[in-house]
Amino acid sequence: MSTTSFTLHATDGKARTGVISTPRGEIRTPAFMPVGTAATVKAMLPEQVRSTGADILLGNTYHLMLRPTAERIARLGGLHQFMNWDRPILTDSGGFQVMSLADLRKLTEEGVSFRSHIDGSKHMLTPERSMEIQRLLGSDIVMCFDECPALPADRKRLEESMRLSMRWAQRSRDAFGDRPGHMLFGIQQGGLEPDLREESAKALTQIGFDGYAVGGLAVGEGQEAMFGCLDHAPDTLPVDKPRYLMGVGKPDDIVGAVKRGIDMMDCVLPTRSGRTGQAFTRRGVVNIKNARHADDPRPLDEHCSCPACTGYSRAYLHHVFRSHEMISGMLLTWHNLQYFQDIMDGMRGAIAEGRFDAWEAVFHAGRAEGDIERL
Ligand SMILES: [Zn+2]
């Protein structure tokens, strides 16, 4: 019978590197998960995403349950077959997006009732329904249904919300059942309050999960507050299970999170920015729409192996962006995903060899230098 496991290979300070094994393949950690919201990583073919070094994708329960629906995806063979990606997929629970995207939401002990932002149809998400949807999708890593309050929030609100999420975590665990080959992750809540984070970690650990997410961050608190929380939150979670920071982030957020003991992350930033003309490079952010690139024959990032950097000039990337050509979003998305995976690869190697601090210094020095001089 196929099972799953997490093996830590090395640590350097609090930074860790290892492997999550699933029947659909291994996930090298620290791992960055590109976001495939509607069963596609926008502007990319699955094999192109894979070629950047991605071991796992993230799918969004909220979007997929509304369109094309989890039941239809199940009839068509599950999400992997539907979107032609045979490697691991993590799905979120829908909890975060229902609160940020749906209309007329109503939160009760039972769950969240809401109207679809697409056609106004009525729906209900509960821990049990979220587990059912993620099972229908065929997700390899399933997330508990939780409630995530926006920050800043007062302590009473954070406390009540965290305890509701812990009751929902138990219901998620019960509804998930015994599914060999699939993992269920609990989600820690508690905002920026260390004692609530600790209480949440204790509750989750008692229930017992295959991995633990630090939830409720990257919701408007800023990097300093997020790092302040990450200075202690991962330490409250089991050492021998993967730790996932949800919805993060910019390259320096990712590096800072790994330094503090995080193993997995996801964010729409590399894909979304790619479609708006923003590229992440070793020397910081480049806005390709800027007129300074119009005559520039040099590559976006001379150290990058992606097709945008090896086959095209800044001038071309500028031109196709200005002309609203589809290849613009394709090339910049590819570049951004390649850069994010290069960061992960660099960190994994550095942690394995006990030189994370030196790697981090080079990372920050490149960014501090800024973009190449204009011609
Ligand atoms: Zn590139």
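**View 1. S21 sits across from E26 of strand β3.** This is a predicted model, so local features need pLDDT of at least 70, side-chain atom pairs count only at pLDDT 80 or more, and totals for chains, interfaces and linings use all residues. Residues are numbered from 1 along each chain as its sequence is written. Strands here are DSSP runs of E, at least two residues long, while helices are runs of H or I with at least four, all numbered from the N terminus. Two strands count as paired if DSSP finds at least two bridges between them.

**View 2. An open sheet is built from 3 strands in the order β1-β2-β3, with antiparallel pairing.** At the edges are β1 (5-12) and β3 (25-29), each pairing on one side only. From one strand to the next, the twist averages 15 degrees. Helix α14 (residues 326-352) packs on this sheet and touches β1, β2 and β3. Its direction makes about 110 degrees with that of β2 (axes are lines fitted to C-alpha atoms, for helices over the stretch in contact, and angles run from 0 to 180 degrees between N-to-C directions).

**View 3. G370 lies in the segment after α15 (356-369).** Why is G370 called exposed? Because it has 11 other C-beta atoms within 10 Å, and the cut-off for exposed is 12 or fewer (buried takes 20 or more, partly exposed is in between, and C-beta atoms are placed from the backbone). Leaving aside neighbours within four places in sequence, G370 is in contact with R283 and G284 (contact: C-beta atoms within 7 Å).

Key
Two residues are in contact if their C-beta atoms, placed from the backbone, lie within 7 Å.
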